[in-house]
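Open your viewer and have the sequence panel ready. We will go from one selection to the next and say what is there at each stop.

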Amino acid sequence: MIASSVILVGCGNMGSALLKGWLERGLDAQKVTVVDTVDHERIKQDFGVNVVNDYDQVRQQLGQHIVVFAVKPQVIKQVLPAFKDSQDVAAYVSICAGTQVATFEHFLPKEAAIVRAMPNLPATISQGCTGLFANNAVSEVAKSEVDALFTAVGATVWVEQEADIDRVTAISGSGPAYVFYFIECLQAAAQSLGLDEDIAKTLAISTVSGAANLAAQSEHAPEVLRKQVTSPGGTTEAGLNVLMSQEQGIISSVDEAVKAAFIRALELARG
């Protein structure tokens, strides 16, 4: 059960996913106010929450709310001045990729409690993973409330250094795209063997999904599970010999991909 009252600033794809998860986890719709300048009628009809289309309209009701900024990073600096005089807010939470805590500290009241969050795309089906970082002003109570908001759409991990959010971005933020690409490749390989496109797609998606769920539920590490599937001299070993070879090995490609994403995250953070 989520106890907080929430002001959600922006309700696009990720904002809508969060809102859906909160309501499904028991947050009273009357304890949510959405600030959205575009789709306020749709939001009101779809979710039954309070919706306003002007940032000034929420100033009088901030109180001990948690304010979640879910707008695009390129507009956050235009949004924040409306909150510069807000008082007694339990915590401000940002899901704006690449926007550092210092940006919020510059615009928001002195000693504001700020959490930087990085949810990923599977949050839209409540199977996401969110990395979280809190500045020193965030109380344990507020931290617990923020955690509840994000566990509503999946797993959460808290990091001690803000720089680690960029590392989280390179793994779980960008990671779904890596997995989707692997599914693409597995499907293409199946079709190259002569299987029908629909069959190849079903096999690729179900295999990846099933293996991921098994890894999540098993007490064994992924390495142990891999070895359990791999019979000496069998078909799996033959395939893994290619994937794990030094010349064509997948580990070096994944490592390089993650490092490239991390470097780009740092560049975006610096503006």
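Helices (H or I, at least four residues) and strands (E, at least two) are DSSP runs, numbered from the N terminus. With that in hand, select alanine 82, in the loop between helix H3 (76-79) and strand E5 (91-94). Two ground rules before going further. This is a predicted model, in which local features need pLDDT of at least 70 and side-chain atom pairs count only at pLDDT 80 or more, while totals for chains, interfaces and linings use all residues. Residues are numbered from 1 along each chain as its sequence is written, and side-chain values use heavy atoms, with hydrogens and water left out.

**Stop one: alanine 82**

Buried means under 20% relative accessible area, exposed over 50%, and partly exposed in between (1.4 Å probe, protein chains only). Alanine 82 counts as buried because its relative accessibility is 15%.

**Stop two: the whole protein**

Zoom out. The protein has eleven helices and eight strands, and its C-alpha atoms fill a box of roughly 70 × 40 × 35 Å along the principal axes. Of the 271 residues, 39% are buried. Contact means heavy atoms within 4.5 Å; among contacts with a separation of 6 or more, 59% join residues 24 or more positions apart.

**Stop three: the nonpolar cores**

A nonpolar core is a set of buried Ala, Val, Leu, Ile, Met, Phe, Trp, Tyr and Cys residues joined through side-chain atoms within 4.5 Å. Select Leu19, Trp22, Val34, Val49 and Phe150, which have the most contacts inside the largest core, a set of 37 residues. Stay on tryptophan 22: leaving out residues up to four places away in sequence, it touches Ile2, Val6, Leu8, Leu27, Val68, Leu149 and Ala152. A second, separate core has 26 residues, including Ile7, Phe69, Val89 and Cys96.

**Stop four: the cysteines**

Keep cysteine 96 selected; it is buried, at 2% relative accessible area. Which cysteine sulfur is closest to that of cysteine 96? It belongs to cysteine 11, 14 Å away and too far for a bond. A disulfide is a pair of cysteine sulfur atoms within 2.5 Å, and by this rule the count is zero. Cysteine 129 is likewise in no disulfide, with the nearest cysteine sulfur, that of cysteine 96, 19 Å away. Cysteine 129 is partly exposed, with a relative accessible area of 25%.

Select threonine 103 in helix H4 (residues 101-107). At 17% relative accessibility it counts as buried, and, not counting residues up to four places away in sequence, threonine 103 touches Lys77 and Leu80. Then move to threonine 169 in helix H6, buried at 17% relative accessibility. Leaving aside neighbours within four places in sequence, threonine 169 is in contact with Met118, Ser174 and Ala265.
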